[in-house]
Amino acid sequence: MNPSPPVPADEAARLARLQALRVLDTEAEPLFDTLARQAAALCGAPIALLSLVDADRQWFKANVGLGGVQQTPRDQAFCAWTVLGDEVLEVADACADPRFAANPLVTGEPGIRFYAGAPLRLPGGARVGSLCVIDRQPRRLDAGQLRALQDLATLAGQALAMRADLVQRALAAHAAYERELQAAEQRWRAMVEDQSELVSLARPDGLLVYVNRAYARHFGHEARDLVGTDLFQLIEPRDRAAVRAQLDQVLRSGVAHSGENRMTTADGRELWVAWTNSARDDARHGRMLHSVGRDITEQRRAEQALRASEVFLERTGRVAGVGGWQLDLDTGRLLWSAQTRRIHEVGDDFVPTLENAVAFYAPEGRSQIETAVERGMQTGQPWDLELPLTTAAGRRLWVRAQGEVEFEGGRPTRLLGAFQDVTERHALEERLAESERFLRELADSLPLRIGYLDRERRYRFANRELLRRFGRPAGEVLGRTRAELLGAAEDAAVAEPARAALAGQAQHFEFDEVVDGRPHRFENRLVPDLDEAGGVRGFFLTGIDITDRSAAQKALRELTAIFDNTPDFVVQADARGRVLYMNPSVRRALGLAPQAPVAQLEIAAFNTPATNRLFVEQIVPAVQRGEVWVGPTTVYLAGRREVPVSHMVIGHFDGAGRVERYSAVMRDISAAVAAEQQILRQSATLRSVADAMPATVAVTDPSGCYGFVNRAFERACGLPAERILSRSAREVLGEAEYERRRPWIERALAGEAVTFELGYPEAAPERYLQIDYIPLRRESGEPDGFVVVGQDISGHRRETSQLREQAQRDPLTGLLNRAGFEQAVGRMRRGDATLALLYIDLDHFKPVNDRHGHPAGDALLRAFGERLSRLVRPTDAVARLGGDEFAVALPGMQQAAQAQAVAAKVLAAAVRPFEVGPLQLQIGASVGVAFGADPTQDWHELVARADAALLQAKAEGRGRARLSPAPESPGLR
C-alpha cells in the first residue's frame, strides 16, 4: 500500500480558502486551460493538470492529456504531497519512490512514472492545489523548466484569487441590482417626483414649465429654480443648434425622437444625457415637449477609451512589428490585421485565403507550416515557427509565425495567431555565427587549453587543445564533467579552485597531471562568468602546459550570451508625468512587486538625463502636435542599469484638445545594439588579447611574410609593426637568425606543427626561447601559413633547481622529508665518527585524529615540528619521516650523554600541552638514541640502531628514551 499524504497543519483554513474560491465543479475556462497547455509545452510533458486538493479528492480545473478524468481520491493524489510545501515537488521515477511506488495511478492507468508539481498559493499563503506535469517515462526537468513551472503556478494562483474576487463582485452587483430593481418598481409606482429618470415639460419656445426632483438635482439646481427658465441654457453651447432642430421636428411631426447631447451642470461639469423627446397635447397649455433623460456620461467615456485603446493597439502593433490573423474554419474566411498586410506588402483590396497565405512561404517552409496547422487541428498543439517568406513585392523575409486552434465540442472551429518580421535578427545571428566561427578557429590555433564550464562543471565549450587532452571528439566531451571524462574522482588541486570560481572568485593556480603517461605541470586561470544580477553562471578556463615553459599565456576569451527576446515595456502617465500604469514586464525589469502601487512614481525617474532632455526638446512638443514620436532612447532598469530601447510615445487628448495622458511603448534593444557593436569590437578584442599575452605572437602567409604581430613580437624584434608586416622572416630576423630557424619554418609552411628551443648563452643574463609553429589551413585542407608563438623559458630553467630543493621538504611541517634527511645524514657522516641520531615517535597521537579529525592532527604535527626545531642547533638536521615519526641528526657529539640530554629535552617538550585552535591536546613521545658508528660500515647502520632503540623504548611503556649500545670499534670513545 502506498502511504497516505500527511494533512497540512492549516488544513481547516486551507479548505475554507478553497471553498471561498467558488471554483470546484465549475466548467472549463480558457485561461486555466492555456496555463496547463503552456506547462506541458515548456516541460515537454504529455500530461498537465491544474489540480485543486479538496477534503477527500483532487479535482481538475484544467486537464491536458488525461481525457475523461475529472477527479481522483485524495489519498492517491501526488498533488496532496505538493501542497505540503512551497517548492516544486519533483518525482523523477515514481516506481522508485516509496511514497508512490504502490499508488494505483502508478501501477495502473495512467501509468505515472514522472511527476513535477508547483503549489498554487493564494494571497496569504494558503496552498489549495498545484500545477503539475506528468510523464509515463522517468525523467527530470532542467533549472529553466522548474522556474517556468513555478512561474506558471504563481500566475494560476493569482488567476484563482482574481476569479474569486470577480465572482464575489458579481454576486454583490447582482444583489445590488435586485435591490435597485425593487426600489425602481416602488419609484415607478410613486409620483414622477420620485423617479430616477430626468423628466421635464417645456413649451415649444423652450421655457420649462415642469422638472422632477431628479432632473433638477442631477444638474445641481432646485426644481423651483428651473421652472420658468430656458431649457437650452442647460445644453452645452456646441450642441444647442442641433438639439433645437431635433425638438422642432418632434413638435411639428408628433413623432417621438431619441438622441444624445451634452449638458452643463451648475458647477460647470459636462455630462452626456440620452433623451427621449415626444410631443404631448395639454388642454391647458397646448402642445408641450415631454422629455425623459438618462445620464450616459460613463458609457460615453468608456466608448472613447475603447476607441483610444483600439487606436493604441494598432499603433503599438505597427511599431512593434507584430501582426495578427484569424481563420474561421466554418466559413473559410481569413482575416489579417493591418500590420500583417504590411509585412506581406499587399494592398487593402487583397483578399487573403489559407491557400494564398501559405503560398507566400518559400518552398522549404510550406511543408512545415502545413504540417503544424494539420497537427494543431488534430491535437490542439500550438505552433511557433520561423520561416522564409517572399512578399507580394518580391522581397525575401524571415518571419515568426505563431498560431493555435480553438475547439468547440471537440471540433476545431477557428485558427488564430500572431505574425512578426524577424529578418533583421536572422541577419544578425548569421553575422554572429560567422564571427563565432572565426573566434573558434583562432582558439583552436593557439597552444592553450580554452574551455567554458557551467555551474555543474560540465564542459560547454572546448577548443582543439582541450579536446586533445581527453583524446575524444567534441560530441563526447561537451556536456560531461572532467571526472566523467577521466574516469576518476577530481583531485583537490583542480576541484577547490573550481568551487571558488563558482563562488565568484577568479583563480590562478598550478597543478600536476599525467598526460600520455608522462607527468606535466599546468598553469590554469578560471574566470567567473557573471550575469546581469551578479550571479555566477559558470566560468571560463584557460590552461597552459608549463612543463617546458616559464610564463603563462593569457588567452582568456569570453563567450558572450545573447539576450533572448524580452517582452515590450508599456507605461502610461498623466500630463504631469505621474505614472498611471505599468505592465508586468516593466515591473519585473524595475524590481517592483506585481501589486505594488505606482501612483507616487514619476516617469522622469526612470529616464536617463539624456532621455529627459529629449522629452522636453522633441517628444512632448511632437505629441502635443498630435504626432506619434518614435525613436531610440535610454532608460534605467533595476539597479540603475542603463538600457537602450526603441521608444514610442502617444498622446491621449481630452475634449478640449489638451493632452490628458501619455502612453509609451519601449522595446529593449540591448541585444541588437550589442550585436552590432560586437562585430566592430572583434578585431580590437583579438588585438587586445594578443597584445596582453606575454608570449610573442605572429601570423605568416603562405609565402612566409608576416600578416599580424602582437606588441611582444614588436618589442622582441625592436621594430614597429608597420616595418614588420608584409615583410619576410629573413628580412625581419636577419640572415643569421633566419638560418637558425629555417628548417622549422620550411616544415611549418609544409603544414607540420613544430616546437623547438633556441639558446642565447651570450646574452646577459643567459636566455632560452621555446617557439611553436602552428600551421593554418584553408577549408580545402591546404596549408595557409602558420602562427608563431614564442616564449622566454629562461626563468623556468632557473626554477628547476628550486623544485629539486622543494622535493626534499615535508609539505606539512616544512622539515626535511626522508629523502632530504638521508642526504643530510650522508653528508654529516663522511669522516665523522661522533655523529648521534635520535629517532622519535609520538605517543597517543592516533586518538587525536580519531576524536578531532585530521586537520587537528596536522596542526599538532606542525606545532611539534616547531618545538623540535627550537630545541636543537642550526647545524643539526630535523626531519619528519612520515606519519608521527620524526628524526634528529646531531653532528659533533663528543659523548653519548650529550645526545641523551637532547633526548630528555625532546621528551619534556612533547608532554607539554599543545593549543590547537580552541583545543588543548596532550600527547607524549618515545625516543631511540644511537651514538657513534662503525667506520667500516656506512651510516645506515647508525639509523638501524636508533630505530631498534626506539622500539625498545616503546616496548618498555613509552614516554622514555633508550640508548643503543655503541658498536665495538677502536675509533669510538
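Author: Start with D841. D841 is buried, because its relative accessible area is 9%, and the cut-off for buried is under 20%. Keep in mind that this is a predicted model.

Where does D841 sit? Its place is in strand 32.

Now the side chains. In a regular strand they alternate between the two faces of the sheet. Strand 32 can be read that way. A836, L838, I840 and L842 point one way. L837, Y839, D841 and D843 point the other way. Both sets are buried.

Next, the neighbours of the strand. Strand 32 is joined to strand 34 (residues 885–890) by 6 bridges, and the two run antiparallel. Within that pairing, L837 has A889 as its bridge partner. Strand 32 is also joined to strand 37 (residues 924–931), here by 8 bridges and again antiparallel. In this pairing V929 stands opposite L838.

What does D841 touch? Neighbours within four places in sequence are left aside here. The contacts of D841 are then D884, E885, G924, A925, S926, L950 and K954. E885 belongs to the range of strand 34. G924, A925 and S926 fall in the range of strand 37.

K954 deserves a separate look. A polar contact of 2.6 Å joins its side chain to that of D841. The pair also counts as a salt bridge, at 2.6 Å from N to O. K954 is partly exposed, because its relative accessibility is 24%, whereas D841 is buried at 9%. Side chains of opposite charge can pair when their charged atoms come close.

Other salt bridges give some context. The count for the structure comes to 61 salt bridges. One of them joins R163 to E29, with the closest N and O atoms 2.6 Å apart. This pair links distant parts of the chain, 134 residues apart. R163 is in helix 5 (residues 143–189), while E29 is in the loop between helix 1 (11–20) and helix 2 (30–43). R163 is buried at 15% relative accessible area. E29 is partly exposed at 22%.

E406 and R414 form another salt bridge, with their closest N and O atoms 2.9 Å apart. E406 is partly exposed at 29% relative accessibility. R414 is partly exposed too, with a relative accessible area of 23%.

Salt bridges can also share partners. They join R730, E735, E739, R742 and E746 into one network.

A word on cysteines. The structure holds 0 disulfides. C95 is partly exposed at 41% relative accessibility. C717 is partly exposed as well, at 24%.

Back to D841, then. D841 is a buried residue in strand 32. Strand 32 pairs with strand 34 and with strand 37.

Notes
Residues numbered from 1 in each chain as written. Predicted model: local features only at pLDDT ≥ 70, side-chain atom pairs only at ≥ 80, totals over all residues. Heavy atoms only, no water. Buried < 20%, exposed > 50% of the residue type's maximum accessible area, 1.4 Å probe, protein only. Helix = DSSP H or I, 4+ residues; strand = E, 2+ residues; numbered from the N terminus. Pairing = 2+ DSSP bridges. Disulfide = S-S within 2.5 Å. Polar contact = N/O pair within 3.5 Å; in protein donor to acceptor, adjacent residues only side chain to side chain. Contact = heavy atoms within 4.5 Å. Salt bridge = Lys/Arg side-chain N within 4 Å of Asp/Glu carboxyl O.
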